[in-house]
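Trainee: I'm new to this one and would like to learn how to read it. Could you walk me through it feature by feature?

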Amino acid sequence: MITKHNDIDDDEIRIISSENAQSLLPPKRKPRSAKSRKLLAWLCGLVALLAIGGLAIIVFSTGDMVEEDELMPESIAEPSKTVPLISDSTTVATPYVERIDTLVDGISLSIFIPWNANPVLEIGNDVTNDTTAVLIAQAADVRRDNGNIVGSFVKNGELLSKGEAKAGFCAIINGKVTIGVADATPMLEQALMSNGYFFRQYPLVVGGQIVENKPRGKAKRKALAEIDGRIAVIISNNRVTFHDFSQALIDAGVSNAIYLVGGNSHGCFKNASGITVAFGPLWDNDIKNVNYIVWR
């Protein structure tokens with residue numbers, strides 16, 4: 001016999017009445033008062049407000065930064081400062097000579113390339129004391145018997161000597177040097193008309209080809225040459241023939257070249273450090289019409 005309605009054996013069946021079912025349900029909660037409902041609503045509103053505030057902080061703290069000048073009122077914002085650039089026209093490059101020593105076909109060559117300088121022709125040894133000159137080399141030959149310049153010679157548009165004894169020529173017109181070979185050339189007239197310069201010498205190289213010359217002896221040679229688009233003075237440091245010198249110039253990259261007074265003729269150059277270095281002894285001042293090609 002069952003004495004407790006909550007106890008039941010495995011082989012028993014319990015019939016639950018409506019009264020017993022009600023006893024098994026959880027007790028019903030008492031309805032909240034109006035005061036409690038207001039307090040709960042206030043707390044929920046506060047939580048929602050705090051959540052919205054926190055979200056706004058997160059969004060603005062992780063977004064793109066705003067530049068300080070964007071926050072400043074336009075009326076008090078400091079104007080931007082522009083640093084003026086220095087015009088290229090106000091920058092004056094210092095003239096100097098680059099020296100390159102090389103060995104070509106067993107011949108020692110010194111290549112002197114003037115930079116930031118313009119060439120002219122001068123007569124007389126006074127130019128060798130010119131501190132503004134960066135490269136000086138003797139140009140046209142001078143006759144031993146009368147001291148006259150060999151071939152046509154124009155200085156600052158003035159014809160000082162006339163003749164076509166040598167086919168090679170150098171014309172300096174508006175600062176541009178032209179080296180060529182011609183018995184007659186319009187470049188002479190252009191030099192006269194434009195206050196330019198002109199002289200004649202033995203041709204050595206034309207269009208990358210050797211020009212043969214009659215003198216067969218050996219001597220230290222000098223050339224006015226076009227190499228890699230630049231005009232340079234090139235000197236052989238050992239005694240060579242015209243032919244070997246011309247071939248060495250070609251192998252060094254020269255496209256056009258004429259001879260300059262060779263041997264121990266005087267010249268000098270100023271390097272990038274401003275140091276002037278001389279090559280060859282200075283000719284006697286009594287020699288008439290000694291002339292130079294000079295870069296300043």
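Mentor: Let's start with helices and strands: they are DSSP runs, helices being H or I with at least four residues and strands E with at least two, numbered from the N terminus. Here, α5 is followed by Gly 253, whose phi is positive, near 110 degrees. Keep in mind that this is a predicted model, where local features need pLDDT of at least 70, side-chain atom pairs count only at pLDDT 80 or more, and totals for chains, interfaces and linings use all residues. Residues are numbered from 1 along each chain as its sequence is written, and side-chain values use heavy atoms, leaving out hydrogens and water.

Trainee: Which residues of helix α5 are buried?

Mentor: Buried means under 20% relative accessible area, exposed over 50%, and partly exposed in between, using a 1.4 Å probe and protein chains only. In α5, residues 242-251, the buried ones are Phe 242, Phe 245, Ser 246, Ala 248, Leu 249 and Ile 250. An α-helix has 3.6 residues a turn, so residues three or four places apart point the same way.

Trainee: What about the largest nonpolar core: how many residues has it?

Mentor: In soluble globular proteins, nonpolar side chains tend to be buried together. A nonpolar core is a set of buried Ala, Val, Leu, Ile, Met, Phe, Trp, Tyr and Cys residues joined through side-chain atoms within 4.5 Å. The largest one here has 35 residues, and Phe 112, Val 233 and Trp 295 are among those with the most contacts inside it. Strand β17 (residues 291-295) gives the most to this core, with 4 residues. Apart from it lies another core, of 21 residues, including Val 240, Phe 242, Ile 250 and Tyr 259.

Trainee: And Ser 110, is that buried or exposed?

Mentor: Ser 110 sits in strand β2, residues 107-115, and it counts as buried because its relative accessible area is 1%. For its surroundings, contact means heavy atoms within 4.5 Å. Leaving aside neighbours within four places in sequence, Ser 110 is in contact with residues including Arg 99, Asp 101, Val 233 and Asn 237.

Trainee: Where does Ala 117 lie?

Mentor: Look in the loop between β2 and β3 (119-123). Ala 117 counts as buried because its relative accessibility is 17%. Not counting residues up to four places away in sequence, Ala 117 touches Pro 95, Val 134, Trp 295 and Arg 296. Ala 117 and Val 134 are 17 residues apart in sequence and 7.7 Å apart in space, C-alpha to C-alpha.
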